[in-house]
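Let's work through a few packing exercises. Have the model open, and try each task before you read its solution.

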Amino acid sequence: MDLFKSGIFHGGVHPAGNKRWTEQKPVETLPVPSQVIIPVQQHIGAPSKPLVEKGAVVRIGDPISEAGGFVSVPAHASISGTVSAVEERPHPLGLPILSVVIDGDGQETWNPEIGFQADYLSLDRAEMLKRIQDAGLAGMGGATFPTHVKLSPPAGKKIDAVILNGAECEPYLTADHRLMLEKPEEILLGLQVMVKILGAERAAIGIERNKPDAIKRLKKVVAEMNLPFQVIALHVKYPQGAEKQLIRAMTGRAVPTGGLPMDVGCVVQNVGTAAAVYDAVAFRRPVIDRVVTVTGKGIKEPKNVLARIGTPYAFVIEQCGGLAEAAGKLIMGGPMMGLAQSSLDIPVIKGTSGILVLDARESRKHEEQVCISCAHCVDACPMGLMPKMIAAFIKKGRMADAQAYHALDCIECGSCAYVCPAHINLVHWIRYGKSELIRARKKAS
Amino acid sequence: MDPLMLSSIIALGFLGLVFGSGLAFAAKKFAVVIDPKVEQIIGALSGANCGACGQPGCAAYAEAVATGQAPPNKCTPGGKDTVDKIAVIMGLSGVASEEPRLAVVHCQGGRQEAKERFQYQGVMDCRAALLVSNGSKACRYGCLGYGSCALACPFDAITMNDNGLPVIDEEKCTGCNVCVVTCPRSILSLIPRSQKVYLACRSLDRAKAVKEICSVGCWACKICVSPKVSPSGAIIMEGNLPEIKDVYAMELYNAVDKCPAKCYVIRGERPVLEAAVDENAAVAQNQ
Ligand code: SF4
Ligand code: SF4
Ligand code: SF4
């Protein structure tokens, strides 16, 4: 019966956790910003289509865009007020993206349809999925893949295990950790909904052992609520929270190359997503805010904050004491997989798990040296790849060879670049190669 | 002689004889018939294996020409000479070689003229740099300046200057198109060698946005397409960027003078006589 265990996956690294700055700090609700910038694309998939024009009056939770297809989710107003512009604004991914700018009226008027419905568990599957899509849910761990798509496996793919990802293996980040401590009930009720939608037999929550308080708390609440879920204490190793590695460690199953977790009967969701699923199905409450860890040596007062979607970084950082003098580099997410950001005008989006500001020393640049064939990168790669070979091929433009070495299986976890003594930008090279390979494939089809 | 040495010589000699005759037999029996034309054509081609002809290399192109699957005038680096030689080999007449072309850079916004949004620290390759927040240049159309084109050029015709812009050596450039397809921002294009004036900006942004981030970007002010500057319509407006329709028109020199952002570039020396005539014409029109 016991499917889940605390197993191990191949490779991985042990970066310094750096979670002590914020792990003991309860989530603080940020004041409502006077203006929010809500991009129509905060998820992987087709952009959503704006529904409002300049001058429109919106309430909290009103949809401001509609899904642009099945693999797409709408966006919602996160403050009440007037739409002052629908235009391209800076976006965490780099290219300016069409965004709805809302000037707040300070009233905090909510969409009246949002409210608790006691019999939510008796809703049928399709209605639950619809509510999840309508609420704009996209993986809150940072990958931002639309949740309803993951919860609708094609006919014939039987899901027998739902895994809730509370590993939070990225250094610095503590948003999920705090959520597990402060809202365990919501997380578990969300998991219950997902298990129902998928008709799965078992479910478990995996948490790294560096969060003993969260493990204890969730175990206690599971027992109190009498739910059939397991809480698994995982080894502390990066990237424990990567889907494929988590499945491997917790079930022993290996996702085939090019495949998805559903190919081995698993669905993995982040704990933050689970809490949002509960809000979406039981309250019809869309994603209008999220927990963000604001941390690093470049921040005066590191904190966990509950920020409205669309709040500019500048406002968030100001509420955390502002930037320290030595601030060097701004990153959305964690230091391993996060994206470097170029402006403080960029808003918090659904996938913003953290705002990390490194100091100048931490963000200094290393010159790329030649590979000394030490194979540290090969040992570290959790996907069992040979990063040095793939990167060397890509450098020489030999994309077909890179593909033969499974460049496309790289999950961009950064373990290889982290250990490389020659400071080779392995992940950057591989990402570049992947983008060329994907483009060539698109062109061919 | 030592009997051991003697037997070795005999044994090895015998083996050599056996293998040698085997090879000789195989060479006759499995000989691949090569069309002598292919060899001759390979000799006529430039041998750069640059891919300008659309084939994977010179040998493949020679074969395609010899079998009639490719036109004989696609070897741009070889130029007219090569076309003539191939025409003789293939017994063709009246094959026109295309007008030789060369690459130009449609951006003048180097490190001094154009603003950067952030300090880029990653892999020094333009296509890789684009993956980080869409490149560090504030202008989203401009040259990224990491020299992917210079690295790609099979003829060493591109160097990166201190200002972070590619400079084309017109002598060396063969118009092979490799740099054009390499640049992720489409900053380079091929123009006929006889075209003297081209527009060196790709920005589709509006005037205000451009002025904020670049001192040499096109404002889309439409002065160059106005009847005063371009009476015959040699330049037209396409979206927020002018497009040169008649690449040989003398009015292009007017545009060089009148463009407030100095976006038009003259290749080499400005023809003195025509320019003077042109200015007179412009003056006459102004009155
Ligand atoms: S090659 Fe990819 S999957 Fe492997 S360690 Fe590097 S980034 Fe991670
Ligand atoms: S870790 Fe770096 S130096 Fe060592 S083999 Fe990999 S790429 Fe080469
Ligand atoms: S500059 Fe461009 S077109 Fe000219 S030879 Fe080099 S790669 Fe070919």
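**Exercise 1.** Which helices do the buried residues of α1(A) pack against?

*Solution.* A word on the source: this is a predicted model, where local features need pLDDT of at least 70, side-chain atom pairs count only at pLDDT 80 or more, and totals for chains, interfaces and linings use all residues. Residues are numbered from 1 along each chain as its sequence is written, while chains are lettered from A and ligands numbered from 1 in the order in which they are written.

Start with the buried set (20 or more other C-beta atoms within 10 Å of a residue's own, C-beta atoms being placed from the backbone): in α1(A) it holds A:Met128, A:Arg131, A:Ile132 and A:Gln133. Then look for their partners: α2 (147-150), α4 (184-198) and α7 of chain A. Helices here are DSSP runs of H or I, at least four residues, numbered from the N terminus.

**Exercise 2.** Describe how α1(A) and α7(A) cross.

*Solution.* Take α1 (residues 125-134) and α7 (residues 271-283), both of chain A: their axes, lines fitted to C-alpha atoms over the stretch in contact, come within 9 Å and cross at roughly 115°. That makes the two helices roughly perpendicular (65 to 115 degrees).

**Exercise 3.** Which residues of α1(A) and α7(A) meet?

*Solution.* On the α1(A) side you'll find A:Met128, A:Arg131 and A:Ile132, and they meet A:Val277, A:Ala280 and A:Val281 of α7(A) (contact: C-beta atoms, placed from the backbone, within 7 Å). Now follow A:Val277: its contacts beyond four places in sequence include A:Ile132, A:Leu137 and A:Met194.

Methods: Axes are lines fitted to C-alpha atoms, for helices over the stretch in contact, and angles run from 0 to 180 degrees between N-to-C directions. Angles under 35 degrees count as roughly parallel, over 145 as roughly antiparallel, 65 to 115 as roughly perpendicular and the rest as oblique. Two residues are in contact if their C-beta atoms, placed from the backbone, lie within 7 Å. A residue is buried if 20 or more other C-beta atoms lie within 10 Å of its own, exposed if 12 or fewer, and partly exposed in between; C-beta atoms are placed from the backbone.
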